[in-house]
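Subject: Structure for you to look through

Hello,

Here is the structure I promised to pass on. Please open it next to this email and follow along.

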Amino acid sequence: MEKISWIKELVKAEQQMEESGLIDMSFGFDADKILVGETIQFLLALKTEFVDSSSAFNELKPSALGRIKIYGIAKTHADFMLFRNGFKMIFSLKGPGQISVRFNFIGTNYIPTPGAADAQATTTNVMDEHIVEAKWGAFGELVWTYQNQPVKLEYMVRHYLTLFIKESSK
């Protein structure tokens with residue numbers, strides 16, 4: 001169905017031009033709409049790959065302790081979170097063509113000390129935010145990049161799942 005959505009947009013744009021009598025120079029190409037749709041599709045594809053990889057990890061793990069759980073995030077289109085041993089890795093739509101990856105740990109054995117300036121800072125450790133961005137390539141192709149380098153979904157999942165497992169096993 002997604003493969004013909006651009007054709008549907010062309011038909012709709014042509015019908016609007018015929019009805020209004022005005023010629024639209026962008027004719028069927030709404031970059032912002034395409035960018036939002038593609039970002040959501042990329043996030044959903046990422047989630048599917050993480051579900052598959054996490055399921056394989058959980059099945060091969062002999063113990064039920066330390067298994068990876070994946071949760072959708074309420075009131076969002078495709079955002080999701082990996083969770084294990086108090087660690088979270090969050091993938092979210094930051095904006096059209098931008099996906100944010102954040103990693104944090106919420107301590108469970110925190111004992112407040114008198115005079116502590118900021119209790120929240122001592123219980124939550126947040127990794128720098130990584131931004132995966134979409135760039136327009138030749139012929140309107142959308143290329144996903146990290147630090148201006150093209151990314152492939154399978155390698156991105158491998159990298160982040162490995163990082164998540166290493167950090168959450170400490």
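The chain has an accessible surface of about 11500 Å², and 57% of that belongs to carbon and sulfur atoms. Accessible areas come from the Shrake-Rupley method with a 1.4 Å probe; for residues, only the protein chains shown count as cover.

Some ground rules. This is a predicted model, where local features need pLDDT of at least 70 and side-chain atom pairs count only at pLDDT 80 or more, while totals for chains, interfaces and linings use all residues. Residues are numbered from 1 along each chain as its sequence is written, and side-chain values use heavy atoms, with hydrogens and water left out.

**Overall layout**

The chain holds four helices and eight strands. Helices (H or I, at least four residues) and strands (E, at least two) are DSSP runs, numbered from the N terminus. Along the sequence, the pattern reads α-α-β-β-β-β-α-β-β-β-β-α. Of the 170 residues, 26% count as buried. Buried means under 20% relative accessible area, exposed means over 50%, and partly exposed lies in between (1.4 Å probe, protein chains only). Contacts are heavy atoms within 4.5 Å. Among those with a separation of 6 or more, 47% join residues 24 or more positions apart.

**The core**

Which residues touch the most other members of the largest nonpolar core? They are L46, F50, M89 and F91, out of 26 residues. α2 (31–60), β2 (80–84), β3 (87–95), β4 (98–106), β6 (130–136), β7 (142–146) and α4 (153–168) each supply at least two residues of this core. A nonpolar core is a set of buried Ala, Val, Leu, Ile, Met, Phe, Trp, Tyr and Cys residues joined through side-chain atoms within 4.5 Å. In soluble globular proteins, nonpolar side chains tend to be buried together.

Take F50. Leaving out residues up to four places away in sequence, F50 touches I70, F80, L82, F91, V157, Y160 and L161.

**The helices**

The expected span of a helix is 1.5 Å times one less than its number of residues. α1 (residues 5–20) has 16 residues and should span 22 Å; its end C-alpha atoms are 23 Å apart, which agrees. Just after α1, G21 takes a positive phi of about 80°.

α2 has 30 residues and should span 44 Å; its end C-alpha atoms are 43 Å apart, which agrees. Its buried residues include L35, L43, L46 and F50.

α4 has 16 residues and reaches 22 Å from its first C-alpha to its last, close to the 22 Å expected. M156, V157, Y160, L161, F164, I165 and S168 are buried in α4. Seen down the helix axis, these buried residues fall within an arc of 150°, so they line one face of α4. That arc is taken from the directions from the helix axis to the C-beta atoms. The face turned away from the buried side carries the exposed residues R158 and K166.

**The strands**

Two strands pair if DSSP finds at least two bridges between them. β1 (residues 69–72) runs antiparallel to β2, joined by four bridges. In this pair, G72 stands opposite F80. β2 also pairs with β3, again antiparallel, over five bridges. There, F83 has K88 as its bridge partner. β2 and β3 form a hairpin with two residues between them, and N85 in the turn has a positive phi of about 50°. Four of the five residues of β2 are buried, so β2 is largely enclosed by the rest of the structure.

Last stop: N104, in strand β4. N104 is buried, with a relative accessible area of 13%.

Best wishes
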